[in-house]
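Subject: Structure handover and what I found

Hi there,

Here is the structure I promised to pass on to you.

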Amino acid sequence: MNNTFVHPIDSDSIFQCATLWKSKIELYNGVEIPLRQIEETPLMTTARKYELYSHEFRQNSYAVFGQMRANDPVFQQMGLDGTTQIWFITRYAEVQQVLLDDEHFVRDSGLVYNAEEREKIFGKADQFLDSMLNNHMLNKDGENHRRLRSLVGKAFTPKVIQNMRPRIEMIAGELLDRVQGNGKMELISDFAFPLPITVIAELLGIPIHNQNQFRIWSNAFVRPAISEEEQQAAFLLLQEFAAYMQKLVADRRLHPRDDLLSGLIHVEEAGDRLNESELFSMLSLLIVAGHETTVSLIGNAVLALLQNPEVREKIMMNPNLIPSAVEEFLRYDSPVERPLTRIVKEDITLGGFQLKRGDLIIPIIGSANRDGAQFPTADVLDIHRKPNSHIAFGKGAHYCLGAPLARLEGEIALRVLFERIPDLTLDIAPEELEWRDVPTFRSLVQLPVKWTPR
Ligand code: HEM
């Protein structure tokens, strides 16, 4: 294989299909300063560095973000590779400004760099995988973005999504039927993952006989591949995923159905609004975005409820509180901690700092949603919070297309789970809980829970 690939400028981001660029950027810097040392470091911008990738960081991320908001709300330091400078933005005001201003802060590197610069910065792309996975709305700006988004927008409106309620309730119920008699489950694998992957697969119209295979493929998308072995393994997995999609689309062309995939194929065959590369990239984006994030929402929300029994008591007494509780779970422990890296298109001042054309910038949503300047008692879980202007679904042009679906899935998952298993408790010491080492997501590796079997 002549093309290794890693996650380059999107080293910290969701849907890291940019994994396909050959680059040195993601080599891990083993000399990052651990959290303890940050606390002792004198408050001098030049000397300070925040550890944003380690196990210790993930156990304590909100404290680190609090320090950054207080001392360095717009701060440039090396990314995951230890060589690429990235601006990390942590206050609500500036995070929102970046997400809203898609004139200055763009996703499409082609708008900022010419081909030569791109190759120098990102290395050479694997052409096949790049065209199968990367050519989607989240990597576009302006008219290109609007065109791609409008093709699927209608399938995700709140009204259309509400019609899915009975089916989502049924899926949630069936998942619990499988485990209820056992008195325990690993909530992520047994409930939080299979629920959204089944829903998005049905919505698209794709058969998912082997859910675990999807989990493995999806992980290859979102997890930074650091070593040569990891990169090769991820490359092979993404090739498998691309081959799966090619077969799926070929079959569906012969046998169209009444589903979203057939609709997209129809638009592509008409020829003027969607090309083949965009079709495959759209499909991969919807599959990955459509479940990874919601798994985290369900996992983080259940954990928050198990750790805040008085809140849990309230929503069990009054399930009508669940929709507003879901908004608070999205804010309190945001499933997407860091959205995709933006590129500065023209020099601009942000929070008093001069950013230059070509600079890379990551607005940290998980930190913005804990900003005390925006949310009184920001570190408290308050399901009655009003207003709750969280930006867990992003903001501006790339505002989450699947937000209505994610909200509905979150609401149903919590209601069905606590109705069916009111005595759910943690089956692991809280200090043993592990967070996935994927910079984009705030996501538990596992959440073992138990109850009295009936
Ligand atoms: C709790 C669950 C979810 C969260 C927290 C979430 C969060 C986000 C965020 C923060 C973005 C913006 C990323 C950026 O600006 O870089 C985004 C975009 C997107 N999300 Fe979600 N998402 C969730 C569920 C879903 C679901 C269920 C779908 C279903 C298909 C979905 C599809 C998308 C798509 C297609 C985009 C790109 C929109 C665009 O570029 O215009 N998401 N999501």
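Below are the notes, going from the whole chain to single residues.

Please keep in mind that this is a predicted model: local features need pLDDT of at least 70, side-chain atom pairs count only at pLDDT 80 or more, and totals for chains, interfaces and linings use all residues. Residue numbers start from 1 along each chain as its sequence is written.

**The whole chain**

The protein chain has 20 helices and 10 strands; these are DSSP runs numbered from the N terminus, with helices being H or I of at least four residues and strands E of at least two. Of its 454 residues, 46% count as buried, where buried means 20 or more other C-beta atoms within 10 Å of the residue's own, exposed means 12 or fewer, partly exposed lies in between, and C-beta atoms are placed from the backbone. Two residues are in contact if those backbone-placed C-beta atoms lie within 7 Å. Among contacts with a separation of 6 or more, 72% join residues 24 or more positions apart.

**The core**

The largest nonpolar core has 111 residues, and Ile-89, Val-95, Leu-195 and Ile-361 have the most contacts inside it. Its largest share, nine residues, comes from H15. By core I mean a set of buried Ala, Val, Leu, Ile, Met, Phe, Trp, Tyr and Cys residues joined through C-beta atoms within 7 Å. Not counting residues up to four places away in sequence, Val-95 touches Ile-89, Pro-363, Ile-364, Ile-365, Ala-368 and Ile-391.

**The ligand shell**

There are 25 residues around the ligand, and Thr-293, Pro-339, Gly-394, Cys-400 and Gly-402 come nearest; a residue is near if its C-beta atom, placed from the backbone, lies within 6 Å. Helices H15 (276–289), H16 and H20 (403–420) each supply at least two residues of this shell. By class, the shell has 18 nonpolar, six polar and one charged residues. Here Ala, Val, Leu, Ile, Met, Phe, Trp, Tyr, Cys and Pro count as nonpolar, Asp, Glu, Lys and Arg as charged, and the others, Gly among them, as polar.

**H16 and H18**

How do the axes of H16 and H18 cross? The axes of H16 (residues 292–307) and H18 (residues 322–332) come within 10 Å and cross at roughly 100 degrees, so the two helices are roughly perpendicular to each other. The axes are lines fitted to C-alpha atoms over the stretch in contact, with angles from 0 to 180 degrees between N-to-C directions. Angles under 35 degrees count as roughly parallel, over 145 as roughly antiparallel, 65 to 115 as roughly perpendicular and the rest as oblique.

At this contact, Leu-297, Asn-300, Ala-301 and Ala-304 of H16 meet Val-326, Phe-329, Leu-330 and Tyr-332 of H18. By class, that makes seven nonpolar, one polar and no charged residues. H18 is mostly covered, with eight of its 11 residues buried. Its buried residues pack against H16, H17 (309–317) and H20.

**Single residues**

Ile-412 is found in H20 and is buried, because 24 other C-beta atoms lie within 10 Å. Its contacts beyond four places in sequence are Ile-168, Glu-169 and Ala-172.

The loop between H19 (365–368) and H20 holds Pro-387, and the peptide bond from Lys-386 to Pro-387 is cis, with omega near -5 degrees. Thr-377 is also in the loop between H19 and H20. Thr-377 has a positive phi of about 45 degrees although it is not a glycine, and it counts as exposed, with 9 C-beta neighbours inside 10 Å.

Best wishes
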